[in-house]
Amino acid sequence: MENDNFNTFLTSNIDIDEQAISLLPSSCKTLTLKKGDFALREGETCKHTFFIESGLLKQYTLDNKGKEHILLFAPENWFVANIESVHFNRPSNYFIEAVEDTRILLVDEELILRLSQYSRAFLQFNNKLLHSHILSLQTRVTQLLAASAEERYLDFIQSYPQLVMRVPQWMIAAYLGVTPESLSRVRGELAERNNRSRKA
């Protein structure tokens with residue numbers, strides 16, 4: 001079955017029956033992206049929520065100098081979308097791009113509404129995802145305003161432990177809002193501090 005990964009994710013996280021799973025239509029397409037391909041470009045209207053079956057996406061914007069500012073990374077079993085574009089039918093301010101070869105499921109809003117109407121468990125799960133997304137964005141804003149570069153890096157490691165070796169340092173820096181040189185200095189200071197602790 002084409003959507004096995006998504007079905008497994010749903011049944012593993014929600015008390016949802018087979019009849020609800022059967023609502024997944026054949027029109028729920030799968031898209032395969034090569035590294036550097038776009039799931040969404042700035043100016044396009046986002047029509048789907050993307051479920052990452054394998055691979056890794058990043059969501060980012062470009063400033064007027066062409067510098068990337070990464071909002072989030074989305075690895076396997078994550079959902080990502082431009083919420084504003086999906087729900088308000090507005091052109092996206094963000095790009096969503098494959099960091100590595102990636103396979104995503106395109107989940108449209110009609111399907112989400114049908115599953116929410118059929119299954120209260122799915123409705124609660126979808127609301128929890130939305131609230132978690134809002135909390136994550138609020139935390140990101142607070143960190144960028146008030147946290148040190150070291151604090152932001154340590155939070156990145158905690159939030160994305162599996163990505164430290166998969167994401168280039170310049171992308172991590174673009175996520176943290178620092179230069180690659182500053183990130184290199186932070187990592188060096190942390191490594192030196194850890195070495196001193198082990199020797200003590």
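The following legends describe an overall view and several close-up views of a predicted protein model.

**Figure 1. Overall view of the predicted model.** Residues are numbered from 1 along each chain as its sequence is written. In this predicted model, local features need pLDDT of at least 70, side-chain atom pairs count only at pLDDT 80 or more, and totals for chains, interfaces and linings use all residues, while side-chain values use heavy atoms, with hydrogens and water left out. The protein contains eight helices and six strands; helices (H or I, at least four residues) and strands (E, at least two) are DSSP runs, numbered from the N terminus. In sequence order, these elements give the pattern α-α-β-β-β-β-β-α-β-α-α-α-α-α. Along the principal axes, the C-alpha atoms fill a box of roughly 60 × 45 × 30 Å. Of the 200 residues, 39% count as buried, where buried means under 20% relative accessible area, exposed over 50%, and partly exposed in between (1.4 Å probe, protein chains only). Among contacts with a separation of 6 or more, 70% come from residues 24 or more positions apart; contact means heavy atoms within 4.5 Å.

Figure 2. Strand β3 spans residues 48-62. Eleven of its 15 residues are buried, so β3 is largely enclosed by the rest of the structure. Two strands are said to pair if DSSP finds at least two bridges between them. β3 and β6 pair in the antiparallel sense over eleven bridges, and the bridge partner of F51 in β6 is L105. β3 and β5 also run antiparallel, joined by two bridges; here F51 stands opposite F79 of β5.

Figure 3. Six antiparallel bridges pair β3 with β4. Strand β4 covers residues 68-74, and six of its seven residues are buried, so β4 is largely enclosed by the rest of the structure. T61 has H69 of β4 as its bridge partner, and L57 stands opposite A74 of β4. Five residues lie between the two strands of the hairpin, in which G66 takes a positive phi near 80°.

**Figure 4. The nonpolar cores and the surroundings of L57.** In soluble globular proteins, nonpolar side chains tend to be buried together. A nonpolar core is defined here as a set of buried Ala, Val, Leu, Ile, Met, Phe, Trp, Tyr and Cys residues joined through side-chain atoms within 4.5 Å. The largest such core has 39 residues, of which F50, L57 and F73 touch the most other members. Two or more residues of this core come from each of β2 (38-40), β3, β4, β6 (95-108), α6 (149-159), α7 (169-176) and α8 (180-199). A second, separate core has 14 residues, including I14, V107, F122 and F125. With neighbours within four places in sequence left aside, the contacts of L57 include L33, I52, L72, F73, V80, I96, V99 and I104. Among its other contacts are A74, E97, A98 and T102.

**Figure 5. L106 in strand β6.** L106 is part of strand β6. Is L106 buried or exposed? With a relative accessible area of 14%, L106 is buried. Not counting residues up to four places away in sequence, L106 touches C28, K29, L31, H48, T49 and F50. R198 is 92 residues from L106 in sequence, and their C-alpha atoms are 48 Å apart in space.

**Figure 6. Two loop asparagines with positive phi.** N77 lies in the loop between β4 and β5 (79-80). Its phi is near 65°, a positive value in a residue other than glycine. N77 counts as partly exposed, at 39% relative accessibility. N89 is found in the loop between α3 (83-88) and β6. Phi of N89 is near 55°, again a positive value in a residue other than glycine. N89 is exposed, with a relative accessible area of 51%.
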